[in-house]
Amino acid sequence: LRAMRGAPKNKRLMKVLQEEGVKRLISKVEGDFMRDKRMPEIDEELFFVIDEKGHTLELTDKGRDLLSPDEQAVFILPDVSEEIGVIRRDPELSDDEKRLKEDEAYRDHQQRTEAVHNINQLMKAYTLFERDVAYMLTDDKKVVIVDESTGRPQPGRRFADGLHQALEAKEGVKVEQETQTVATITLQNLFRMYRKLAGMTGTADTEAKEFQEIYKLDVIVIPTHRPIRRVDHEDQIYRTKREKYTAIIEDVAWLHERGLPVLVGTISVEISELLSRMLTRKGIKHQLLNARYHEKEADVVAGAGQPGQVTIATNMAGRGTDIKLNPQVIHIERDLITSPDVTLASDYNGKPLREELTENPSGLQVIGTERHESRRIDRQLRGRAGRQGDPGLSRFYMSLEDDLMRLFGSERIATVMDKLGAEEGEVIEHRMVTRSIERAQKKVEARNFEMRKHLLKYDDVMNQQRQVIYNRRRDILERDSAHDQVMELMVETTAGLVAAHTQSGLPSEEWTWEDLSGEYSGMFFTPFPVEIEDRVGIDVEQLDEQLLGVARDAYEHRRELVTEDSFREVEKAVLLHTVDTCWQEHLYEMDELKEGVGFAGVAGKDPLMVYQKEAFDMFESLIARIDAESLRNLFQLRVEAGPPPEARRVGRGQLSDIHNEATNLGFRGAPATAPSTEGGGDGLPLGRPVGQARPRERGLVAAGSEGTDAEKKAPIRSGPKVGRNDPCPCGSGKKYKQCHGRG
């Protein structure tokens, strides 16, 4: 039991599990220990415990001692809220000291959390993710995900939460930067966005319940154009994988000798390459199709129906491919194939057609090396044979060491094999065993469906937020001008600032004027308009009206400096950029919330309810942040006059993108120092107009681009020009170039 919990795929363990009664005994012992709550006794000798079903891994105390013998505290995450409370209640600390200690507490918690997370991801990478099964290493040393269902490589996709980086570290290749999520949606919510949903597939019947629950869609089975004449044999089950693979190779060789095309379906790149090596040793020519050779797919599939052709493929060839058969491999009359009445039960030469096709195989022969967790994938592989009424055969080979059998197969299968006394190399082929396997698959499908439903409940929360944000973006995009929207933001923001720093019951002198002044100036980049002597006796409405009026005037003045079309475009661009940037940060925060919300269950709370409440609070603060950042970015934008378009001459090949700053779409913000009053006296940080001799069109200058097309100004002199060889005006007697003119 201890070995199963620590190393479930250990080869010696798997051999022991094949012995009669061992698996049943282990399950009994595990049940006894769990009932008596004594599992820690089993796990205390292990460094970590693996849960293959849940795809999780947990370090034990022994493992923590090994990884960090000197500092066990690294794995103990402190309660930050409790620590902050102690710091804030400490009377001996000044405000500055409290702030420093709070920062230190947050930093310490973040470092510990990150360390534990990184260790956990590295452990998962080494124990739960196998190369050439979950991922592959390309020729240019990149870790590429292999899609579990299709068997195809997924370049560009990366595992989340640092897992991809852990796999790169494991394989000793360059560890890439973690990607930033800019948009996220589940497939279910993506499909729900369509007004009408419909589809057609040969394997929807097994998922009818999910279609109904998630999409409210009925599944209707349509009869095939011609009767199915494919013989689906019962599964053949062996004790070990080695016996299973040997039997598969012998079966392939027998069919190959008879000139029949064979398609061998595997569930991973690793197994496909193992069988390829075994066939090569046997001297059987074959084609290999997996994620490494996906570019050859069309050629391989085109020749897969030729006489004697053997094709080994992952699930890539088990979906959506129509293998055309050479007429030579069909050994029954063509009239039977085109007939709509001939079925496998029909009489053929004095016996049922099924019996004839079993004794004298015909058409494409499909061999499955393992059952997939989903019955759909298995049915798709079977469906490569017997298309359009053609004859064919399908059979799956299994062993008790297969993942599906180990994790979800009932004890009855092992018991049946024990009772039947199957020796090494012997095969069991029985309807009851096949049904047990299908029940195991149903169990996995139900578990996966529950996981998808659970994920959907969480994404429904995100979906509501997503719709609000996307509607806001669409509103900005579809407007000719965002000016009205900016004015609304000003009204709401000034009202919010006034409400936060004033109180109707208090005299105006006691309002928090300094804080209000700082926030107002920081938001609108305009000096606070209410002088100290004017603050006495002012009411809330007057203050709100005065602040809003000054902000509006300042903004209108900025608009007048450039053409209306130019400012309209920039207005929309800044608003969109702010929404996108804040939304990206929000997605990152929501990911972190989802990761940690499971611990709410320990406190007896429903994690989903906690997630919904926290997500709502975070979304409210997101909207406030978007409003504030939008205004701040618009007022920070440096407005500068530029020469007319005809004066801007750029030589061929001299164009370049300059982005010295990542904020505000590359537009420079005003300096945080006291704003210049040049150009109107209203405190706006305005650029100077260049040349007043003739009217010029004005524009907006991006950060890093000033000086590229502005005219050179003549220096201002306070006296006559001094030549380089003239005596220096300072009276030293030296030449000007050797005295104050040096350098």
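The expected span of a helix is 1.5 Å times one less than its number of residues. Keep that in mind, and keep in mind that this model is predicted.

Let's start with helix 21, residues 513-524. It has 12 residues, so at 1.5 Å a residue it should span 16 Å. Its end C-alpha atoms are 16 Å apart, which agrees.

Which residues of helix 21 are buried? Trp513, Leu516, Ser517, Tyr520, Met523 and Phe524. Look down the axis of helix 21: the buried residues fall within an arc of 140 degrees, so they line one face of the helix. What covers them? The cover includes helix 20 (483-501), helix 22 (540-560) and helix 24 (607-636). Just past the end of helix 21, phenylalanine 525 has a positive phi of about 50 degrees.

Next, the cores. The largest nonpolar core has 53 residues. Met490, Phe524 and Leu543 have the most contacts inside it. At least two residues of this core come from each of helix 19 (431-478), helix 20, helix 21, helix 22, helix 23 (564-596) and helix 24. Take leucine 543. Leaving out residues up to four places away in sequence, leucine 543 touches Val498, Thr502, Trp511, Trp513, Leu516, Val530 and Ile538.

Now the rings. The count comes to 13 aromatic pairs. In one, the rings of phenylalanine 191 and tyrosine 215 have centres 6.3 Å apart. Their planes are at 70 degrees, and over 60 counts as edge-to-face, so that is what this pair is. Phenylalanine 191 is in helix 9 (residues 187-192) and tyrosine 215 is in helix 10 (residues 208-215), so the pair ties together parts 24 residues apart in sequence. Phenylalanine 191 has 35% relative accessibility, so it counts as partly exposed.

Tyrosine 238 and tyrosine 397 form a stacked pair, with 6.5 Å centre to centre and 10 degrees between the planes. This pair links distant parts of the chain, 159 residues apart. Tyrosine 238 is in strand 7 (residues 236-238), and tyrosine 397 is in strand 14 (residues 391-399). Buried or exposed? Both tyrosines are buried.

There is also a ring cluster. Ring pairs link Trp511, Trp513, Tyr520, Phe524, Phe528, Tyr555, Phe567 and Phe635.

Last, charges over rings. The charged end of lysine 170 sits over the ring of tyrosine 126, 6.0 Å from its centre. Arginine 371 lies over the face of phenylalanine 396, 5.1 Å from the ring centre.

Notes: Residues numbered from 1 in each chain as written. Predicted model: local features only at pLDDT ≥ 70, side-chain atom pairs only at ≥ 80, totals over all residues. Heavy atoms only, no water. Helix = DSSP H or I, 4+ residues; strand = E, 2+ residues; numbered from the N terminus. Buried < 20%, exposed > 50% of the residue type's maximum accessible area, 1.4 Å probe, protein only. Arc of directions from axis to C-beta. Contact = heavy atoms within 4.5 Å. Core = buried A, V, L, I, M, F, W, Y, C linked by side-chain atoms within 4.5 Å. Phe/Tyr/Trp six-rings, centres within 6.5 Å; stacked < 30°, edge-to-face > 60°. Lys NZ or Arg CZ within 6 Å of the ring centre and 35° of its normal.
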